[in-house]
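Good morning. Please have the sequence and the 3D view open while I talk.

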Amino acid sequence: MRYLPHTSEEIASMLEAVGVDDLDSLFSTVPEECRFSADLDLPEPLTEWDLNAHMQALANNMAVSPEYKVFMGAGSYEHFVPASVFYLLGRSEFVTSYTPYQPEMSQGTLQAIYEYQTLTARLLGMEIATASHYDGATALAESLLMAIRVTKRKRVAVSRLIHPLYRRVVHTYFEPTGYEVVELGYLENGVTDLTDLDNMEDFAAVAVQSPNFFGCIENFQAVGEKAHDRQALFIASFTEALSYGLLKSPGSQGADIACGEGQSMGIPQTFGGPALGMLASRKKYMRSLPGRLVGQTKDLDGKRGFVLTLATREQHIRREKATSNICTNNSLCALAAAMYMASVGGTGIRELARLNHDKAEYLKRELKNAGLAITFDDPTFNEFVVEFPAGFQAAYERLLEKKIVAGLHLAPYYPELANHYLLCVTETRSKEDMDSLVREVTS
Amino acid sequence: MKESLGANGLILNEPLLWEKGKKGRSGFSLPRRDVESSPLGQGLTCEGPELPDLSEIDVVRHYTRLSQWNFGVDTGMYPLGSCTMKYSPKTNEKQASLPGFAGAHPLLPAALSQGVLQMMFELQQYLAEITGMDAATLQPAAGAHGELTGMLLMYAFYKSRGERRSKIIVPDTAHGTNPASAALCGYSPVPVKSNDQGILSVEAIAEVMDENTAGIMVTNPNTLGLYEENIHKIAEIVHAKGGIVYCDGANMNAVMGVTRMGEIGVDVMHLNLHKTFSTPHGGGGPGSGPVCVKKGLEPFLPVPRVMEENGIYGLSEDFPESVGKMQAFHGNVGVMIKAYSYIRSMGPKNLKKASQLAVLNANYIKERLKGTLHLAYDRPCMHECVFSDKNQTAHKIATIDMAKRLMDYGFHPPTVYFPLVVHGSIMIEPTETESKEDIDQFIEAFKTIANEAGRNPELLHDAPKRCKVRRLDETTAARKPCLAG
């Protein structure tokens, strides 16, 4: 087997050094009743040649771009990634290293993550950011728990226009804790209804997503003011990090914590994971942050260097008193995002975000001109909700056969929105793709 | 940029990202604009974030240089105990980057994602087979996330029976994250000490197990690298009081095909695909922490679950007692593909062989280093062995000094000061992918360092000398944190 380097002579001499007769005897401390004596019922090994064929066959059994025109976002976005990002990310010194527990040998990962933290803080308009989390949903759950730790209150308000799957993750995390999640409804124009907050007491945080699940841009400023009036934290959530290339950042509008998904920045969709949970906050909450942090310091000669820091908050030291159980981050995904932000740059990210916005506006306008109803009036980023005629499901299936995925049906998530679909357009969809979608849905 | 780029031969300097570049450069080619501009209302937009503008070559040189300051498994031996830094086969990377997988949207209809669903379904089956359990979920994003999932499953199980238990037994030889995962689910961890053999005694568990205790979180093999010989009886005691046995499977690399947790009394366990199943760690993640369960806990697994009927794969939400969702989508599919590719490359016999050779390598190191370093528990170990700095304290040399000196010899240091049960611990896990020659070199390096400790301790105190930076001031980093530039 090519991954196992031992020759039989080496095995024999090592067994002799250990003082046992054969490989089985190495397991003398495993009691007889704990031994598994049969062979595992697994497929026999494939050669690399056969493995390639098998995996290619599986991969071929998937509907992906460019063959399929996918107009679906909802938390996972198709964006163009420069070849240089894939190339650099594949460097084995990054890929095959572990958590940088020995900083002198891990300055590459550590400086890269420090830079990621900085770029993330700048993108979100916040002071500091963590070294990353599993995904946008877990980053939101951890942010809400953080707000509960900071305020010592036990209830949180969460907009219904936060990604429905993120809210389900929050409920999973909250179930055994006894903390309460109150959901805020939405208004006719497609943004969160904040009036319920006026009657709520003692809540730790308000979490609102922008652009929200319907693609609409929320008024973060107003949410922040309401939260701060009640000494609660304002958590800004997002699924499309790229939007802040154009839109006002959460931090500039009063967010105390900004958290969400960074997949848009250089990370392949891969059926949803691995993804990139981004989490940033004001500096004063530094010691309440969950997860890993990298800090700058100096070495014995006064040279700049980087280390994992503030570990006393974490499980390694405080064990049951730890602020969260997170052990790993999504370091390589954070690195991809940093490489992507570095490649696009400040000028490029603004132009790219604008292009995403403008393309979606084009499709929105064309659908409207074709007589379809655009459900919500408020400005959107690269996603929007459209109402198709009753019975559209059959047409949707027909479009799939023509290799067009006409958005996400919203009824399973918002039962009140039957026949409503969430459509997404990024820079990867051409005018021609959009024109043919309009032709097909109206024919 | 003040410093010169070339520092010393191939030891290259590199500034921070934003100390490079010039306004107006770009390393990205923007797609053609084929629609007109549609301005957004005033008050919604900003000038754009303050990211540096760099050309492609700026970016490429930056990260190429950074990568050269990093040590990975591909660079050399990385014997980080409990982390299982085995070689990551390159074919795995190729499979995970196939456009059909990498470009797949997670909310595609099942009919359009049969390939990935089949892979996930089969991987679930394989993991259940390896662990001797009945069902698996692939959703948890990392080992600690798997632990949390396991705790939520236990919570949901008791809830379904109208019970609420408040405690959980966590041995001192369990992984560091275990108590925190339990605490997140409202359980108070009850610490239990291992015996003078470094394992759990039946009596110690019998003493603390009661009807208010949800169960035990045991790590087997434990963090001393020892097999919990009494696991069978311990499971009986826990079960007799209605408790559940959770096994932290981070050390599964030692026992594939040797012991099946489901057959020795374990009810729920997580695996680390980024340890046992050869997926790379990426400098600290992404990982993947599938959870395997016995029948009784299956109804509580996270949704959606991947199901198969007549060769057609689908996702089902139809599990009313499920704990819910652990991640927005289906878990770290990219990591799953790599683990799947590994299992398919290895087959049943090679997986068992991998465990045997991992254990052989660790025992070989244990035997050859035990005169040089103090061996914490002198008995057959599994995939890792734990020493301490006891033999070196007379020379005022601590574990950390030896660890740092190892860098000058071209090795990544082992895990140090963990597990906490051994004072000044040095935990070495070679894994099965290290050859005898490389291990012999590692042993020689350690022996030389021990010799230096007696002869010239300053060499160790000053180490490392051949890295990009010398010892870093971690105290100042924590006291006056600087987390962004």
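Predicted model: local features only at pLDDT ≥ 70, side-chain atom pairs only at ≥ 80, totals over all residues.

Residues are numbered from 1 along each chain as its sequence is written, chains are lettered from A and ligands numbered from 1 in the order in which they are written, and side-chain values use heavy atoms, with hydrogens and water left out.

Start with the interface. Here 205 residues of chain B are in contact with 182 residues of chain A, contact being heavy atoms within 4.5 Å. The size of an interface is often given as the accessible area lost when the parts come together. For chain B and chain A the buried area is about 17,000 Å², and carbon and sulfur atoms give 64% of that; the value is the accessible area (1.4 Å probe) that two parts lose on being put together, summed over both. On the chain B side, F28(B), Y63(B) and L483(B) lose the most area to chain A, together 5% of what that side buries.

How many salt bridges are there between chain B and chain A? The count is nine, where a salt bridge is a side-chain nitrogen of Lys or Arg within 4 Å of a carboxyl oxygen of Asp or Glu. One of these joins the side chains of K359(A) and D34(B), at 2.9 Å from N to O. Helix α9 (residues 333-369) of chain B gives the largest share of the side that touches chain A, 28 residues. Helices (H or I, at least four residues) and strands (E, at least two) are DSSP runs, numbered from the N terminus.

Now helix α8 (residues 231-240) of chain B. I231(B), I234(B), A235(B), I237(B) and V238(B) are buried there, that is, under 20% relative accessible area, with exposed over 50% and partly exposed in between (1.4 Å probe, protein chains only). They lie on the same side of α8(B) because they cover an arc of only 160° around the axis, taken from the directions from the helix axis to the C-beta atoms. On the other side, E236(B) and A240(B) are exposed. The buried residues pack against α7 (202-208), β6 (213-219) and β7 (244-248) of chain B.

Last, helix α10 (residues 399-408) of chain B is mostly covered, with nine of its 10 residues buried. Its cover includes α11 (436-455) and α12 (457-461) of chain B. After α10(B) comes G410(B), with a positive phi near 90°.
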